[in-house]
Amino acid sequence: MNNKEGNNKRTGGRAGSSRPSSNKPKPAMQKRAQGPKKTKVNAKVAEVEANKVVKKPNQAAKRPKAKDEIRLNKYISNSGTCSRRDADIYIQSGNVKVNGVPVTEMGYMVKPGDVVNFDGVVLTPEKKVYILLNKPKNFTTALDEGQEYRNVLELVKGSTTAKIGPIGRMDKNTTGLLVFTNDTDMIRKFTLPNQKSPKIYQVSLDKNLKFEDLEKINKGLVIDGHRVSVDEVSYIDGEPKNEIGIQLKSSNIKVVRAIFEHFQYNVLRVDRVAFAGLTKKNLPRGNWRMLTDQEVINLKNM
């Protein structure tokens with residue numbers, strides 16, 4: 001090894017360079033500028049935070065419903081005066097007072113002890129009552145004075161002190177299921193033309209129903225310019241061909257009679273054997289019973 005190479009190793013200089021090497025330490029390299037440290041986001045926490053409702057500073061807290069409070073329109077409906085929808089109209093028009101003060105606020109809550117005055121009359125709300133009757137012949141739903149036949153309300157007399165009425169109408173010759181209630185909303189619901197709950201009738205004709213007429217009824221027909229839809233019509237097993245079962249949505253008995261009279265049949269008897277899922281099981285003719293809580297729920301959900 002020659003001296004020149006040895007000197008280059010000791011001094012750290014580069015071979016062939018005339019510039020002397022320096023043993024001074026090099027200055028430290030400046031660190032590259034860095035942005036703020038990123039934090040790891042928990043996706044679940046972020047979702048919860050995003051769904052939080054931000055309460056405005058001046059937003060009043062919603063008052064929780066106190067025990068035994070009831071909406072004013074429902075209070076009026078419970079009294080049997082009118083439906084909730086009609087009650088809203090009276091409230092908006094200023095015809096309802098609570099404790100002597102006119103109330104026009106929709107959704108106003110009535111507390112126990114409040115005195116509600118509806119169009120000049122103090123109301124007393126009633127508990128909702130629902131009664132099922134198996135109506136016999138020679139009773140009618142009509143309330144005409146001097147009528148020849150007795151009213152159906154006589155058959156449920158003593159069942160309740162509430163002011164009840166039948167859902168729909170029945171003439172003296174029609175028998176079967178009839179519901180009574182003081183729930184004006186339900187009465188209105190089941191008497192609307194577009195009501196969707198099924199009713200089943202057993203119809204007795206003066207002669208056998210021709211098969212081709214049965215098929216025509218099944219397809220639906222037009223009576224007095226109105227389309228009549230029938231869910232199902234059929235002969236009754238084990239019965240003569242003049243005993244017919246028919247299911248449709250309408251609760252109007254006149255529609256049932258009109259269907260067969262349209263094909264020149266005389267209707268001798270109509271018996272409603274099912275109404276919106278209710279049947280005559282264990283309910284003899286002329287008897288009544290209270291509906292169960294589940295049956296009432298089913299009716300309301302129809």
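Biologist: Is R84 buried, partly exposed or exposed?

Modeller: Relative accessible area decides that: buried means under 20%, exposed over 50%, and partly exposed in between, with a 1.4 Å probe and protein chains only. R84 has a value of 35% and is partly exposed. This is a predicted model, in which local features need pLDDT of at least 70 and side-chain atom pairs count only at pLDDT 80 or more, while totals for chains, interfaces and linings use all residues. Residues are numbered from 1 along each chain as its sequence is written, and side-chain values use heavy atoms, with hydrogens and water left out.

Biologist: Which side chain meets that of R84 in a salt bridge?

Modeller: Side chains of opposite charge can pair when their charged atoms come close. The cut-off for a salt bridge is a side-chain nitrogen of Lys or Arg within 4 Å of a carboxyl oxygen of Asp or Glu. The partner of R84 is D185, at 3.4 Å from N to O. D185 is also partly exposed, with a relative accessible area of 26%. R84 belongs to helix α4 and D185 to helix α5, so the pair links parts of the chain 101 residues apart. Helices (H or I, at least four residues) and strands (E, at least two) are DSSP runs, numbered from the N terminus.

Biologist: How many salt bridges are there in the whole structure?

Modeller: The search finds 8. One of them joins the side chains of K249 and D231, at 2.9 Å from N to O. Both ends sit in loops: K249 between β16 (243-248) and α7, D231 between β14 and β15 (232-235), 18 residues apart in the chain. K249 is partly exposed at 29% relative accessibility, and D231 is partly exposed at 33%.

Biologist: Which residues does a network of salt bridges join?

Modeller: Bridges that share partners join D271, K280 and R285 into one network. Within this group, the side chains of D271 and K280 meet at 2.6 Å, N to O. D271 is buried, with a relative accessible area of 3%, whereas K280 is partly exposed at 22%.

Biologist: What is the volume of the largest pocket?

Modeller: A pocket is an open set of points on a 1 Å grid over the protein atoms alone, where a 1.4 Å probe fits and protein lies on both sides within 12 Å along at least five of seven lines; lining residues have an atom within 4 Å of a point. The volume is the space filled by probe spheres set on the points, which are joined across faces, edges and corners. Here the largest pocket has about 660 Å³. It is lined by 24 residues, and the closest to its centre are S250, S251, N252, I253 and V255. Elements that give two or more residues to this lining are α5 (184-191), β14 (226-228) and α7 (253-261). The largest share, 3 residues, comes from α7.

Biologist: Which residues lie closest to the centre of the second largest pocket?

Modeller: Of its 17 lining residues, those are R84, K128, Y130, D183 and K300. At least two lining residues come from each of α3 (72-78), α4 (84-92), α5 and α8 (293-300). Helix α5 gives the most, with 4 residues.
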